[in-house]
Amino acid sequence: MISMAAPRGGSGTYTQAQIQTIYKTAYTSFRAAVAEGELAVNDEKTGDHQPYVVIHTGNWGCGAFGGNLSLMALLQCLAARTAGVDKLVYHTFNKIGSDGFQKGLKELTQLEQSGFSVDQILEACANNSKFIWGTSDGN
């Protein structure tokens, strides 16, 4: 089990620093889960087997802190891919969350298919005026 501190709410368009912090937090947490899985496999001395790491997450920081659904999905999917997570299970809870997830995943796929590096994807996110902070839902 891992836990990540949700990014504190902001206002207006996300800054480059906010986007980098969110990505690094997700990446570090996801990579820790992968590393822990690797240690467990090595401790069991089961040969050359690699762990199969599954992470369950969702609209992290999008309730009380007013995070952008699409951006949080994009950054978590990117972090999971770069951290070596085998499967990311993304719980959206409702149609609004599902729509946000789909938009974020579509944006990430387009950037990756264009050959963007991780740093270029993060910069593109900071330059995307669609990624703005929302308001708290009171959770």
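R31 touches E38 and A83, if you skip residues up to four places away in sequence. Keep in mind that everything here comes from a predicted model. R31 sits in helix 1 and is partly exposed, with a relative accessible area of 28%. Along the chain, R31 and T82 are 51 residues apart, yet their C-alpha atoms are separated by 8.4 Å.

**The core**

Now for the inside of the protein. The largest nonpolar core has 34 residues, and those with the most contacts inside it are Y14, I19, F30 and L75. Helix 2 gives the most, with ten residues.

Not counting residues up to four places away in sequence, F30 touches I2, M4, I55, Q76, A79, A80, A83, V85 and L88. One name on that list, A83, is also a contact of R31.

Two packed helices are described by the angle between their axes and the distance between the axes. Here is how helix 2 does with its two partners:

| Pair | Axes come within | Crossing angle |
|---|---|---|
| Helix 2 and helix 3 | 7 Å | roughly 55° |
| Helix 2 and helix 4 | 12 Å | roughly 175° |

Take helix 3 to begin with. The axes of helix 2 and helix 3 cross at roughly 55°, which makes helix 2 oblique to helix 3. The crossing is right-handed. On the helix 2 side, L69, S70, A73, L74, C77, L78 and R81 take part, and they meet I96, G97, G100, F101, K103, G104, L105, E107, L108 and E112 in helix 3. Sorted by class, this contact has nine nonpolar, four polar and four charged residues.

What about helix 4? With axes crossing at roughly 175°, helix 2 and helix 4 are therefore roughly antiparallel to each other. L71, L74, L75, L78 and T82 from helix 2 meet V118, I121, L122 and C125 from helix 4. The residues of this contact divide into eight nonpolar, one polar and no charged. L75, listed above among the core residues with the most contacts, is part of this helix 2 and helix 4 contact.

Leaving aside neighbours within four places in sequence, E107 is in contact with L74, N128, K130 and F131.

G58 lies in strand 1 (residues 54-58) and is buried, at 11% relative accessible area. Apart from neighbours within four places in sequence, G58 is in contact with Q76, Y90 and H91. Q76 turns up among the contacts of F30 as well. G58 and T25 are 33 residues apart in sequence and 15 Å apart in space, C-alpha to C-alpha.

F93 is found in the loop between strand 2 (87-91) and helix 3. Its phi is near 75°, a positive value in a residue other than glycine. F93 counts as exposed, at 75% relative accessibility.

Conventions
Residues are numbered from 1 along each chain as its sequence is written. This is a predicted model: local features need pLDDT of at least 70, side-chain atom pairs count only at pLDDT 80 or more; totals for chains, interfaces and linings use all residues. Side-chain values use heavy atoms; hydrogens and water are left out. A nonpolar core is a set of buried Ala, Val, Leu, Ile, Met, Phe, Trp, Tyr and Cys residues joined through side-chain atoms within 4.5 Å. Buried means under 20% relative accessible area, exposed over 50%, partly exposed in between (1.4 Å probe, protein chains only). Helices (H or I, at least four residues) and strands (E, at least two) are DSSP runs, numbered from the N terminus. Contact means heavy atoms within 4.5 Å. Axes are lines fitted to C-alpha atoms, for helices over the stretch in contact, and angles run from 0 to 180 degrees between N-to-C directions. Angles under 35 degrees count as roughly parallel, over 145 as roughly antiparallel, 65 to 115 as roughly perpendicular and the rest as oblique. A crossing is left-handed if the near helix is turned anticlockwise from the far one by less than a right angle, and right-handed if clockwise. Ala, Val, Leu, Ile, Met, Phe, Trp, Tyr, Cys and Pro count as nonpolar, Asp, Glu, Lys and Arg as charged, and the others, Gly among them, as polar.
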